[in-house]
Amino acid sequence: MSYGGSGYAGYARYALNATVVFLAIWAGLYLLLTGRGERFNFGGYLLRISPYMWSVYGIALCIGLSVVGAAWGIFITGSSILGGAVRTPRIATKNLISIIFCEVVAIYGVIMAIVFSAKVSAVTSSKGFAPSDYYTGFSLFWGGIAVGVSNLICGVAVGITGSNAAVADAHDQQLFVKILVIEIFGSIIGLFGLIVGLLVTGKAEDFVGAV
Amino acid sequence: MNEIYFNVDGGFLEGILRGYRDGLLTTHQYMNLTQCDTMDDLKLQLATTDYGPFLQNEPSPMSTSTLSARCTDALVQEFQYLQQNSAEPISKFLDYITYGYMIDNVILLITGTLHERDTHDLLDKCHPLGFFDTMPALCVATTVQELYNTVMVDSPLAGYFRECLSAEDLNELNIEIIRNTLYKAYLEDFSRYCETLGDPTATVMGEVLKFEADRRTVNITINSFGTELSKEERAKLYPRLGNMYPEAQTKLARVDDMDQVKAVLEQYSEYRMMLAGVNLNASSGGAGGNDLSLEDRFFAREVQLNKESFEQQFHYGVFYSWLRLKEQEIRNVVWIAECISQQQKDKVGNYTAIY
């Protein structure tokens, strides 16, 4: 337990946690013991969330996380290339390949976002959503997370390896191609995410309403 | 996890620093230097290295002290570029590196004040890397008490003075003891700071600083033979870190001559190999070849540790290691220059090769 300022902040945090846990247990036991247990309906809650929310969340995470990964990788590699090129200007041109590998990760995210967003269309039925719509919503969400997180990690990995490649190239020209091979293996991770995203959403149909 | 955010502040500087490291002289260039016959040849050979721009304006009969001063200027300029372009975590690390030089400068000023010399002249002799803003204020002090008060208030070394010395000590103690006490406080503080910096830096700097502490322990022991430094005082000067802390230090505090030192050091595998074949009574730059002195072995081991720190990327240890390697290179070049200018070419091979 850490103590802050006057020494009571730690106690206050502990008291807050304990109160929240107590209220949760009290509510749970109340529902259970008075026969109202069915009211805690997590499945019903999920079904009441609109599939539109799941699908556009997925698209947003797909493009958002991919771009974060690409940008992260680019700044890691770019700063090392800048530093190394002061003494050894020849590395500047060749090491742009590492930056391109990072950028490719963002392109994967954009492509998948476009493919996913083609499935999102207006539902005109007054009876609500069809069962296939729920599947589309869920698959776009998790497909988007699959693509986004794998591109995030891929961008960071390619960035770190690109920085190593820039520094090694500045020291000894023959090392560049060897480290580039490692970078290629790293960028395949992003491709895996793309493939899984396509497979997961492959069976998802466009939005139609209930008939 | 350090790799993912190190480059935010450190990527550019690390790239620049590795560029500096690529400018260190190679074995081939050392060969060329050792085959020079005059100082002018040496200057010509050095013209293609990083020292070229600094040496080209020197008039032709160049002395080794000028060479040493110009090479140090090159080092200082490169280091100051790093300092000027650094942001907070790195700038504090670089400041810590300069505290060692500040200690030397402050000791120089204290000695000057004790001997009643005009300390403004001494300002020129101070090492430029250890220059801090309030150093000229130290020159104003006419007595050691005033100097002590000024240092306590105005310099980054205040903490080291506070820990170990009082104003009376500055008058009475031998100046070397003061230097060693300050350096001990500095090493311990630096080591504690590196621990807070997280994994690769802490490991790499830990190794390097531990070796430095061990080296100082052995040197203090050897240098105290035959002086009136008592054994308790000697033990107080040992830094409280390193592979020799605490057991070997307690043993070394009690030894009286070189053979006992050797017996204590043989218990540590890394130092036992260093002691094999060492001529313990030779000073630095002995007869050459196999008959190296202990100091040469220490230099070689230091070079090896510093080269290893470049094997990892994304840590601050490279800044410290490059500085030490560059200093070693300047020592080597000056040694070669001295051998050439004194026409003692048989000893010219006694430098510690780096690459």
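Reader: Hi! What should I know before I start looking?

Author: This is a predicted model, where local features need pLDDT of at least 70, side-chain atom pairs count only at pLDDT 80 or more, and totals for chains, interfaces and linings use all residues. Residues are numbered from 1 along each chain as its sequence is written, chains are lettered from A and ligands numbered from 1 in the order in which they are written, and side-chain values use heavy atoms, with hydrogens and water left out.

Reader: Thanks! Which domains is chain B divided into?

Author: Domain 1 takes in 1-86 + 316-346, domain 2 is 90-196 and domain 3 is 199-315. Those bounds come from an automatic or database domain assignment.

Reader: And how far apart are the C-alpha centres of domain 1 and domain 2 of chain B?

Author: Those centres lie 27 Å apart. Across the two domains of chain B, 16 residues of domain 1 are in contact with 13 residues of domain 2 (contact means heavy atoms within 4.5 Å).

Reader: Which of its residues are buried, and what covers the buried residues of α5(B)?

Author: Among the buried ones in α5(B) are B:Leu67, B:Cys71, B:Leu75 and B:Phe79. Buried means under 20% relative accessible area, exposed over 50%, and partly exposed in between (1.4 Å probe, protein chains only). The cover includes α1 (3-22), α3 (39-46), α4 (52-55), α6 (88-114) and α19 (317-341) of chain B.

Reader: What about α18 of chain B, how far apart are its end C-alpha atoms?

Author: They are 21 Å apart, which agrees with the 21 Å that its 15 residues should span at 1.5 Å a residue. Its buried residues, including B:Asp296, B:Arg297 and B:Phe299, pack against α13, α17 and α19 of chain B.

Reader: Switching topic: what is the volume of the largest pocket?

Author: About 1400 Å³. On a 1 Å grid over the protein atoms alone, a pocket is an open set of points with protein on both sides within 12 Å along at least five of seven lines, while a cavity is a set where a 1.4 Å probe fits but cannot get out; lining residues have an atom within 4 Å of a point. Grid points are joined across faces, edges and corners, and a volume is the space filled by probe spheres set on the points.

Reader: How many residues line that largest pocket?

Author: The lining has 39 residues, with B:Asp104, B:Glu176, B:Arg179, B:Tyr183 and B:Arg216 nearest the centre. By class there are 15 nonpolar, 10 polar and 14 charged. Ala, Val, Leu, Ile, Met, Phe, Trp, Tyr, Cys and Pro count as nonpolar, Asp, Glu, Lys and Arg as charged, and the others, Gly among them, as polar. Helices that each supply at least two lining residues include α5, α6 and α12 (175-195) of chain B.

Reader: How many cavities of 30 Å³ or more are there?

Author: There are two. The largest holds about 50 Å³ of space, and its lining includes B:Phe211, B:Glu302 and B:Tyr320. That lining has four nonpolar, one polar and three charged residues.

Reader: And what is the volume of the second largest cavity?

Author: About 40 Å³. Its lining has eight nonpolar, no polar and no charged residues. Helix α17(B) gives the most to this lining, with three residues.

Reader: One last thing: is B:Asn7 buried or exposed?

Author: B:Asn7, in helix α1 of chain B, counts as buried because its relative accessibility is 2%. Leaving aside neighbours within four places in sequence, B:Asn7 is in contact with A:Phe75, A:Ile76, A:Ser79, A:Ser80, A:Ser163 and B:Phe314.

Reader: And which helix of chain B does B:Glu188 lie in?

Author: B:Glu188 lies in α12 of chain B, and counts as buried at 8% relative accessibility. With neighbours within four places in sequence left aside, B:Glu188 is in contact with B:Pro239, B:Arg240 and B:Leu241.

Technical notes: Helix = DSSP H or I, 4+ residues; strand = E, 2+ residues; numbered from the N terminus. Expected span 1.5 Å × (residues − 1).
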